[in-house]
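Dear colleague,

Please find below the structure that I am handing over to you, together with its sequence. My findings follow directly after it.

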Amino acid sequence: MKLKLYVVTPKRIIWDCEVKEIILSTNSVQIGVLPNHAPINTAVDMGPLRICLLNDQWLQWFCRAVLRE
């Protein structure tokens with residue numbers, strides 16, 4: 001099974017792909033998201049974003065917020 005992942009910045013979508021799994025940091029814990037995951041509403045926090053592609057290759061990015069005035 002697969003799920004659709006969009007990584008979005010304030011200016012544009014930087015990633016649009018189908019993936020097997022996502023692991024990301026929230027404001028309280030790291031969570032893994034699989035296809036058919038129960039709906040959740042949480043804040044994404046600074047930290048690693050790990051993505052399992054359909055070919056079982058893992059990518060890792062680092063997410064952070066930059067406040068600009």
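**Findings**

Asn36 is exposed, its relative accessible area being 68%; here buried means under 20% relative accessible area, exposed over 50%, and partly exposed in between, with a 1.4 Å probe and protein chains only. Asn36 has a phi near 65°, a positive value in a residue other than glycine, and is found in the loop between E3 and E4.

Please note that this is a predicted model, in which local features need pLDDT of at least 70 and side-chain atom pairs count only at pLDDT 80 or more, while totals for chains, interfaces and linings use all residues. Residues are numbered from 1 along each chain as its sequence is written, and side-chain values use heavy atoms, with hydrogens and water left out.

Asp56 lies in the loop between E4 and strand E5 (58–63) and counts as partly exposed, at 48% relative accessibility.

**Overall architecture**

The protein chain has zero helices and five strands, in the order β-β-β-β-β along the sequence. Helices (H or I, at least four residues) and strands (E, at least two) are DSSP runs, numbered from the N terminus. The C-alpha trace spans about 40 × 25 × 20 Å along its principal axes. Of the 69 residues in the protein chain, 26% are buried. The accessible surface comes to about 5500 Å², and 54% of it belongs to carbon and sulfur atoms; these areas come from the Shrake-Rupley method with a 1.4 Å probe, and for residues only the protein chains shown count as cover.

**Core and contacts**

The largest nonpolar core is made up of twelve residues, including Leu3, Trp15, Ile22, Val33 and Leu53. Such a core is a set of buried Ala, Val, Leu, Ile, Met, Phe, Trp, Tyr and Cys residues joined through side-chain atoms within 4.5 Å. Strands E1 (3–8), E2 (13–26), E3 (30–33) and E4 (44–53) each supply at least two residues of this core, and the largest share, four residues, comes from E2.

Val33 touches Leu3, Lys20, Glu21 and Ile22, residues up to four places away in sequence not being counted; contact means heavy atoms within 4.5 Å. In the protein chain, residues 24 or more positions apart account for 32% of the contacts with a separation of 6 or more.

Yours sincerely
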